[in-house]
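The following exercises examine a protein model step by step. Each task is followed by a worked solution.

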Amino acid sequence: MSPMAALQTVTRDAARYLGLASSVGTVSVGKKADLVVLEADPLASIANVRRIHSVVSRGRVFGPAERVRLLGEIERAALEWQPPVAASRAGEVLAGRCC
């Protein structure tokens, strides 16, 4: 698959498949403009999709420093997260009220 075909598959074609082509999937007037700004041309090499410079989401630009900060917060939250169901079920088992 060419880089162009790969990009179209995950953007335009995915929006069509999900029935959302009128609001997302391509850059057009009136559509939601959530974008990834790359540091290199993904058509030259599809590996360039990993070279993210900035992200535009819901009208807000997240530059390199902001992205690093946000991803760090998400990673810390993920490491601290405890599934509420598992924790409550463990308490029930220990109390003899489960299973």
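**Exercise 1. State what share of the residues counts as buried, and describe the exposed area.**

Solution. Step 1: of the 99 residues of the protein, 12% count as buried, where buried means under 20% relative accessible area, exposed means over 50%, and partly exposed lies in between (1.4 Å probe, protein chains only). Step 2: the protein exposes about 7,800 Å², of which carbon and sulfur atoms supply 61%; accessible areas come from the Shrake-Rupley method with a 1.4 Å probe, and for residues only the protein chains shown count as cover. Step 3: the basis of these values must be kept in mind. The model is predicted, so that local features need pLDDT of at least 70 and side-chain atom pairs count only at pLDDT 80 or more, while totals for chains, interfaces and linings use all residues. Residues are numbered from 1 along each chain as its sequence is written, and side-chain values use heavy atoms, with hydrogens and water left out.

**Exercise 2. List the elements of the protein and describe how its strands are arranged.**

Solution. Step 1: the protein has four helices and three strands; helices (H or I, at least four residues) and strands (E, at least two) are DSSP runs, numbered from the N terminus. Step 2: from the N terminus on, their order is α-α-β-β-β-α-α. Step 3: the three strands form an open sheet with the order S1-S2-S3 and antiparallel pairing, two strands being paired if DSSP finds at least two bridges between them. S1 and S3 are the edge strands, each pairing on one side only. Neighbouring strands of this sheet are turned by 20° against each other on average, direction ignored. Step 4: four bridges join S1 to strand S2 (residues 52-57), and the bridge partner of Val37 in S2 is Ser54. Helix H3 (residues 64-80) packs on the sheet, touching S2 and S3, and its direction makes about 75° with that of S2. Such angles run from 0 to 180 degrees between N-to-C directions, with axes fitted to C-alpha atoms, for helices over the stretch in contact.

**Exercise 3. Determine whether Phe62 is buried or exposed, and name its contacts.**

Solution. Step 1: Phe62 is placed in strand S3 (residues 60-62). Step 2: Phe62 has a relative accessible area of 13% and is therefore buried. Step 3: leaving aside neighbours within four places in sequence, Phe62 is in contact (heavy atoms within 4.5 Å) with His53, Ser54, Val55, Ser57, Arg67 and Leu70. Step 4: the C-alpha atoms of Phe62 and Val37 are separated by 9.9 Å, the two residues being 25 apart along the chain.
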